[in-house]
Each structure stands twice: as structure tokens, then as C-alpha cells.
Amino acid sequence: MFLPAGLKESPVMPHADSLLLAELEDEIRRQVLAVAARKLEDAQEFARKHSISRAYGSYEELARDPDIDVVYVGNIHPYHLKACLLFMNAKKNVLCEKPLAMNTNEVKEILDSAKRNQVFLMEAVWTRFFPVSVEVRKLLAQREIGEVKMVRSEFGIPLLHKPRLVEKELGGGALMSIGMYCLQFVCMVYNGERPESIQATGVCLETGVDETVIVTLKFSEKRMAVFTYSSSIQLPNDAIIVGTKGTIQIPARMWCPTSLVVNGKETQYPLPEPGLPQNFHNCTGMRYEAEEVRKCLLKGLKESPVMSHSDSLLLVELEDEIRRQVGVVYSQDCQ
């Protein structure tokens, strides 16, 4: 089965209000089977545009469809918990858009549900499945640049015109939408190791969500990482890994990379051409996370070794600490 990528202001397909896309696997072909939205007319319009055979006006109807194997949850993140629990309790496998949920407690509830229902669950951190990211992990495993001593990353884009980045009730804040890409990169490079310390400082908007933040992490054996993220300014948006024997650099758009510079030598990793208008850069790269889901299901796995449940838990725990230090509190934190 192949899950088309991204329905939350999707890079592949236009935004439809809290759309959830599901798929059916058979041995002959991969098929997009159904789409659901809070309003039936939205689902129907989306289904017509993309030749999807079934459209539902509620997520509950989709959960009751016996032919659905996998559901992609692409609504805004304050609603991930409810949607994930709905589908997993219906014994559906789930690919949930990042961030998996609003805080550690919510993520633990989702992970517990996946285990209890014995279904597959993966947080859709699409960056980890790009060919560039695959090559980075390979190079690190081969110690191509020796021992990693420093990781640096930046992600900043002017996005304050988008309510979902500004309004707290929509899960606003730069960390949850873009800063987490830098954080997950650091976690990937250091192979899921928990840092010994983390320091975050930054500024918040009047709405109480984070705008621009600098984060420094210290790991064991005197290894460091630092990243900057912002929803108000344009940053270089690159990443670099510095080792005792060289460097690995990911040029601009480190969250959807198509090139890699290893010790000064650049290699291109072109993506497939899009078949539909794109909302975001390099959106066809979202197919790689979908293919990962398919591979895992064919192997009978309940989680991906590339973006595991423990990876999601570490990510949200570090996000919670960054928010705590910067002073961002969501309503979900008080429940």
C-alpha cells in the first residue's frame, strides 16, 4: 500500500479541512481508498479531484470502513490524539503527521493505544526517509567523518501570516511546526541518545507561542549540538555535522534535502517529478515515509526502526523541556 503524502496544507495535494486519507492494500496494486473530512462536501470535492472512490463526512465513518488498512492523520496537531485513538481503537494502522501530539502525556497515550490494539503507528517525520537522510545514517555508521563532535542546524521562514503558527489553540508556535525538524536531526545524528543537558532561550509572540529560539544540547563525551528556529525570519536553513575527520553538510532546505556535501564533495539526490501542483518544496519526497509504512507492514512490524516509538517519545520530551524553558504552555499541558 502507498500512502499519498501530506494533507495538512499538503506538499502534494491542496489543503482540505482536517482531511484524513486512508488506503487499502491488495497484492496487485496500491490504492487510495477513502478520504474523510469534518464536512462531507469537502471530502467529496477532494475525492473527485483525486479520483478517490469513497468520501466520508466524519472520521467515525472512516474508522468503521472494514476495507481500510492504514489511515494517514493529517489534521492540525491539537486533534492528533483524538484521531489516533479513534482509528487505532478501530484496529487501523496509523501514520500520523508530526508532531505526534501536543506533549509527552498525549504521546504516551497514543503509544499505549497502539500497543494495546496491536496496530502499526509511526510519526510522519518525512525528513528521515529522504535518500539524503539514508545516506547520512550510512556515513555515520561507517564513521566516514570520524567521531561526531558537533551538530548545527537552522530552520527559519516568515510564517506569522499563518494562524496555525500564531494561535495557541491551533497548536501554534515555531517549535511544533518547524523547530522540531532541527531537533529530530540532532536526535538522528546522535542515534537517539538523550542529551545530558539542554538550554533554550528565545522570544515569544503576544499569543504566548514561541517565535524565535536558540537551543544548545550537550551530550556525553563532550559532544554538542546547537540549532536555531524561527517563524518570523529567513534563516540559511542548512545543517552540518562536524567530526574528527571531516564534515557532512546538508545545504538549504535541510528538512527536505536533495543534496549532500561530504568533505567538500557534493552529491545530488533528485526527487521524482510531481504529478500535481505543489504547495511546499520537494513534496514528492513524502512518498518515502509512505513506502516505509508499507515495508514495515509487509514485515509484520508495529513500528519503524527509522522513526520508532522511542524516537517519538524522546522527541516530545525534549520539545516539552524547550517549551518549559521558553515559557510556552498549551491548554493540553494543564489537563
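**Sheet and helix packing in the predicted model**

Strands E12 (residues 246–250) and E13 (residues 259–262) run antiparallel and are joined by 2 bridges. Within this pair, Ile248 stands opposite Val262 in E13.

E12 and E13 belong to an open sheet of 8 strands with mixed pairing, in the order E8-E9-E10-E7-E11-E12-E13-E14. At its edges are strand E8 (197–204) and strand E14 (265–268), each of which pairs on one side only. From one strand to the next, the twist averages 10 degrees.

Helix H5 (residues 131–141) lies across strand E7 (148–156), strand E11 (239–243), E12 and E13. Relative to E13, H5 runs at about 20 degrees. Helix H9, in turn, lies across E8, strand E9 (210–219) and strand E10 (223–230), and its direction makes an angle of about 50 degrees with E8.

A UniProt annotation gives this region some context: the unreviewed entry records "domain: GFO/IDH/MocA-like oxidoreductase" over residues 135–248. In the model, the span of residues 135–248 is 24% helix and 38% strand, and its end C-alpha atoms lie 10 Å apart.

H9 (residues 309–326) also has a helical partner, H7 (residues 174–189), and the two pack at an angle of about 120 degrees with their axes 10 Å apart. That angle makes H7 oblique to H9. The crossing of H7 past H9 is right-handed. On the H7 side, Leu175, Met176, Met180, Leu183, Gln184 and Cys187 take part, meeting Leu314, Leu315, Leu318, Glu319, Ile322 and Arg323 in H9. By class, the residues of this contact comprise 9 nonpolar, 1 polar and 2 charged.

Another helix pair is formed by H3 (residues 80–89) and H4 (residues 104–117), whose axes are 9 Å apart and which pack at about 5 degrees. H3 and H4 are therefore roughly parallel to each other. His80, Leu81, Cys84, Leu85, Met88 and Asn89 make the contact from H3, while H4 contributes Glu106, Glu109, Ile110, Ser113, Ala114, Arg116 and Asn117. The residues where H3 meets H4 divide into 6 nonpolar, 4 polar and 3 charged.

Terms used
Residues numbered from 1 in each chain as written. Predicted model: local features only at pLDDT ≥ 70, side-chain atom pairs only at ≥ 80, totals over all residues. Heavy atoms only, no water. Axes fitted to C-alpha atoms, helices over the stretch in contact; angles between N-to-C directions. Helix = DSSP H or I, 4+ residues; strand = E, 2+ residues; numbered from the N terminus. Parallel < 35°, antiparallel > 145°, perpendicular 65-115°, else oblique. Left-handed = near helix turned anticlockwise from the far one by under 90°. Contact = heavy atoms within 4.5 Å. Nonpolar A, V, L, I, M, F, W, Y, C, P; charged D, E, K, R; others polar. UniProt positions renumbered as here; feature names shortened; annotations may be inferred. Pairing = 2+ DSSP bridges.
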